[in-house]
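Hello,

Here is the structure I promised to pass on to you. Have a look at it first, and then read on for what turned up.

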Amino acid sequence: MRVLHVGKYYPPYRGGIETHLEVLCRELRREVELEVVVASPDRRDRVERVDGIDVTRIGTACTLAGAPVCPGMVRKIRESDADIVHLHLPNPAAVLAYLASGRRGRLVASYHSDVVRQRVLDAAFQPIQDRLLDRCDAIISATPNYVRSSAVLSRYRDRCRVIPYGMPVEEFGRGAEEAERVRARYGPRLVVSVGRLVYYKGFEHLIEAMREVDGTLLIVGDGPLRGALEARIRDLGLRDRVFLLGKVDDTAGFYHAADVFVLASVARSEAFGIVQIEAMACGTPVVNTSLDSGVPYVSRDGETGLTVPPADPAALAAAVNRLLDDPDLRARLGRAGRTRVREEFSQEVMTERMLRLYREVLDGSAAARTLTAGEPARPDLALLGGA
């Protein structure tokens, strides 16, 4: 079986979709003849071998609304001998390149997120993307929640398949030594959050919540809002209890050090929240928000953590305090989180589900096996009937 993955970027560029693509391809390469095509950071084409995977980075002629435009991608897709082309969306350049290539054959798309901020451009581009989605044998979503809540996916529900993201769980089994160093430096009752400092992460609400929390907050990550968040910390008099740590190469120690992990996101740009899986793999209970995306699907309220309304500092503070004050509850939710990650979000489980879908696409049975609302939900192919 030969599969061509077409993404926006590939590591060492870091982002949620890029991390997912890397983890998936590292596992798929054991069973599949694999090639990855993505945008180059400049105008030069590059052909590389990354961890045993052939990665072609196509020169970027320009960017449009933050999206790379790569004319050379058209030829690469057209000339590929892959049995399946697997696109990762949103990615206007990849959509245009595929359609311009004139390629026919089996097509799969991973629909990672709606476009939230650039709505005018998205509305103009949607008819073009619809032409691509019309050709898909299967469209993959990471959660059933996103299929239900996306105006785009709801139109293609008959060919949507749910395959949650997976991660190398064993990598988060370590970190005890670093956790001890973190606790020694910052003390007990630690609250940790990890993510880019951007609008949809809701860090300003989490910082506000810390006014009512007897504990210390560590925020791991960097981004354009760092200056504004530092000013807010100063204005609230929280410089001795809230720390912006910037980028950290290995976050496992911070997850292990934390008593509570918080994902305070406020917009459906947060489609899934992979950091929740990382925290749960370390046995750390999660406080997340009740977005209509996949966020509350990953960590379930009362099962692996607590869920509160978005943009509500008082609710965040109450949930964090409840967990900090109840070690038995933390332990129970943490154990359940580890179990959920092993059963639903490991890289092995994700890869087996993907391979099963590829086989069904190749033998033409994918559409026939797509679940509809009300049907019993198989764990690997859960759609609107459950998970």
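Which residues does Thr143 touch, not counting residues up to four places away in sequence? They are Val162, Phe272, Gly294 and Tyr297. Please keep in mind that this is a predicted model.

Along the chain, Thr143 and Ala271 are 128 residues apart, and their C-alpha atoms are separated by 8.9 Å.

Next, Leu107, which belongs to strand E8 (residues 106-111). Leu107 is buried too, with a relative accessible area of 0%. Leaving aside residues up to four places away in sequence, Leu107 touches Val85, Leu87, Tyr98, Leu132, Arg135, Cys136, Asp137 and Ala138. One of these, Asp137, is 30 residues from Leu107 in sequence, with 5.6 Å between the two C-alpha atoms.

Finally, a pair of helices. The axes of H12 (residues 313-324) and H13 (residues 327-344) come within 6 Å and cross at roughly 100°. Angles of 65 to 115 degrees count as roughly perpendicular, and H12 and H13 are therefore roughly perpendicular to each other. By class, their contact has five nonpolar, no polar and two charged residues. On the H12 side these are Arg322, Leu323 and Leu324, which meet Pro327, Leu329, Arg330 and Leu333 in H13.

Enjoy exploring it!

Best wishes

Conventions
Residues numbered from 1 in each chain as written. Predicted model: local features only at pLDDT ≥ 70, side-chain atom pairs only at ≥ 80, totals over all residues. Heavy atoms only, no water. Axes fitted to C-alpha atoms, helices over the stretch in contact; angles between N-to-C directions. Helix = DSSP H or I, 4+ residues; strand = E, 2+ residues; numbered from the N terminus. Parallel < 35°, antiparallel > 145°, perpendicular 65-115°, else oblique. Contact = heavy atoms within 4.5 Å. Nonpolar A, V, L, I, M, F, W, Y, C, P; charged D, E, K, R; others polar. Buried < 20%, exposed > 50% of the residue type's maximum accessible area, 1.4 Å probe, protein only.
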